Amino acid sequence: MDNLSLSNLHVSLGGNKILKGINFKVKKGEIVSLLGPSGCGKSTLLKTIAGLIEPSEGEVYIGGQQVNRLAPEERGTVIVFQDLRLFPHMDVGQNIGFGLKMKGVHKEIIRKNVINIMEKVGLDGYEKFKVFELSGGQQQRVALARALAAEPQVLLLDEPFSSLDENLRQKMRELVIKLHRELNLTTILVTHDQEEALVMSDRIAIMFKGQILQYDTPKSVYENPATPEVANYFGEMNSIEGFVENGFFQSFCDSSIGGCKTSLEDGSYSLMLKPSHIKLVKEPGAWIIKAISYLGDKYNIRITDNVLDLVVVTASNIDIHVGESVNINVDYPKGILYKKELG
Ligand SMILES: Nc1ncnc2c1ncn2[C@@H]1O[C@H](COP(=O)(O)OP(=O)(O)OP(=O)(O)O)[C@@H](O)[C@H]1O
C-alpha cells in the first residue's frame, strides 16, 4: 500500500515555479531518497509534504487521506532539518519528549518512551544532559530520537548528516537504516550525496529543475539512467554524438572511436559511456594521453585522438605518462544510446 502519494504537485515561491507537476508514490516501509543538484527543489518538495509550504496545484495523500488542508502537526509527518533545531534550554529527555508533551501524553508514558528511544539511538544515560554538552553526532541522535518519539507515518530527513564528518555520517546512515527496519518506517531522505542515496534507499527519485526525471531502484538509476542528465549526475560521462543507420551507431565526427551494432531505429543519438566502460590498452595507438589525475586506487585519464576527448579510469598501478600513445577498448554493450529529439 502507498503510504505517501503526490499527484501533479506544483509549487511557486517568490513568483518562480519551483515544483512542476510532481507525481510520486512511496510504499509503507520504504526508504526513498530525493537526489539532485542544488536548487532543484528537493527541500521544497519535502516541506510541501510536511505542510510547511502550500502547493498551488495538486494533492498530497498520506496513509490514503488527502492532507492538503491539514496543519503540519496533524499530517503524521515529522521533518528533521540539517540544522536540527533542538531546544537549547531543555535537556535531552525534554527535547525528545517535547512532541508527546504537546499532545498531552501522560508524564510517565513520555518518560518510558523517551528512555526506550534513547536506547534505540544509542543515547542511554544522556537524559539530563543539555544539548550544548553533546557532540555533533550525539545532537543528531537527539534530533532523530525526537522525530521518532512522535511516531510519524512518514519520516522526512532534510540532509540531516551533511554537517558530520565521514565517519560519523556513516554511523548515522547505519543507525537510520537499522531504525527504519526495526520500526517499519516510511522515510524520505533529501540528499545530494550520491553514495548516500545509493547505499540507503529502496528507490531514488532524481530531481532536476523542479521535476522528477527518474524514480527507480538505486541499481536501475545508476545502470540505466533514463536521460543524459541523470547519467551525467552520477559522475562525468563520455557523450558521443552520432547517428544510427541500418542497425549501426557511429559518431558524427571522424574519430577512431568506432561504433557498435544496435537494434534501435535510424536517427540521431548520444552514446553515453562511463569512464569505466573504456579500457586503456598500453600499446601504441590512435589516442594520446593528455592528463592524468591520481585518485588513490585509480587514475582518471584524459585522452584525445585530436577529434574526440574522452575520460577513462584505470587502476593506479600501471605505468603511464602524459603524451604517451595508447589504444582503447570500448565496452559498447554497457553504453546507453539516447535518441535526440528533433527541434
Ligand atoms: N522562500 C523562498 N522564496 C523564493 N524562492 C525560494 C524560496 N525557498 C527556496 N526558493 C528557491 O527554490 C529553489 C529550490 O530550492 P530548494 O531549497 O528546494 O532546493 P534544493 O534542491 O533543496 O537545494 P539544496 O540541495 O541546495 O538544498 C531554489 O532556486 C531556491 O532559491
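How do α2 and α3 lie to each other, oblique or roughly parallel? I started my notes with that one. The angle is about 130° for α2 (residues 92-102) and α3 (residues 107-120), and their axes are 9 Å apart. The two are therefore oblique to each other.

Before going on, I wrote down the ground rules. This is a predicted model, where local features need pLDDT of at least 70, side-chain atom pairs count only at pLDDT 80 or more, and totals for chains, interfaces and linings use all residues. Residue numbers start from 1 along each chain as its sequence is written.

My terms for the helices also went on this page. Helices (H or I, at least four residues) and strands (E, at least two) are DSSP runs numbered from the N terminus. Axes are lines fitted to C-alpha atoms, for helices over the stretch in contact, with angles from 0 to 180 degrees between N-to-C directions. Under 35 degrees counts as roughly parallel, over 145 as roughly antiparallel, 65 to 115 as roughly perpendicular, and the rest as oblique.

Then I listed who touches whom, with contact taken as C-beta atoms, placed from the backbone, within 7 Å. From α2 come Gly93, Ile96, Gly97, Leu100 and Lys101, and they meet Ile110, Asn113, Val114, Ile117 and Met118 in α3. I sorted the residues of this contact into 6 nonpolar, 3 polar and 1 charged. For such counts, Ala, Val, Leu, Ile, Met, Phe, Trp, Tyr, Cys and Pro are nonpolar, Asp, Glu, Lys and Arg are charged, and the others, Gly among them, are polar.

I followed α3 on to α4 (residues 136-149), where the axes come within 10 Å and cross at roughly 130°. That makes α3 oblique to α4, and this crossing is right-handed. Asn113, Val114, Ile117 and Met118 of α3 contact Ala145, Leu148 and Ala149 of α4.

**Entry: the ligand**

I looked up what surrounds the ligand and got 13 residues, the closest being Leu13, Gly14, Ser38, Ser43 and Thr44 (near means that the C-beta atom, placed from the backbone, lies within 6 Å). The elements giving two or more residues to this shell are β2 (16-27) and α1 (42-50). α1 gives the most, with 3 residues. By class I noted 3 nonpolar, 9 polar and 1 charged in the shell.

Which strands make up the open sheets? I found 5 strands in the order β15-β19-β16-β17-β18, with antiparallel pairing (strands pair if DSSP finds at least two bridges between them). β15 (278-281) and β18 (309-315) are the edge strands, each pairing on one side only. The twist averages 45° from one strand to the next. Inside this sheet I checked β16 (residues 287-294) and β19 (residues 325-330), which pair antiparallel over 2 bridges. Ile288 stands opposite Ser325 in β19.

Another open sheet has 5 strands in the order β13-β12-β11-β14-β20, again antiparallel. β13 (259-261) and β20 (336-339) stand at its edges with a single partner strand each, so one side of each has no neighbour in the sheet. Here the twist averages 30° from strand to strand. I also looked at β12 (residues 248-251), which 3 bridges join to β13 in the antiparallel sense. Gln250 faces Gly259 in β13.

Terms used: Contact = placed C-beta atoms within 7 Å. Left-handed = near helix turned anticlockwise from the far one by under 90°.
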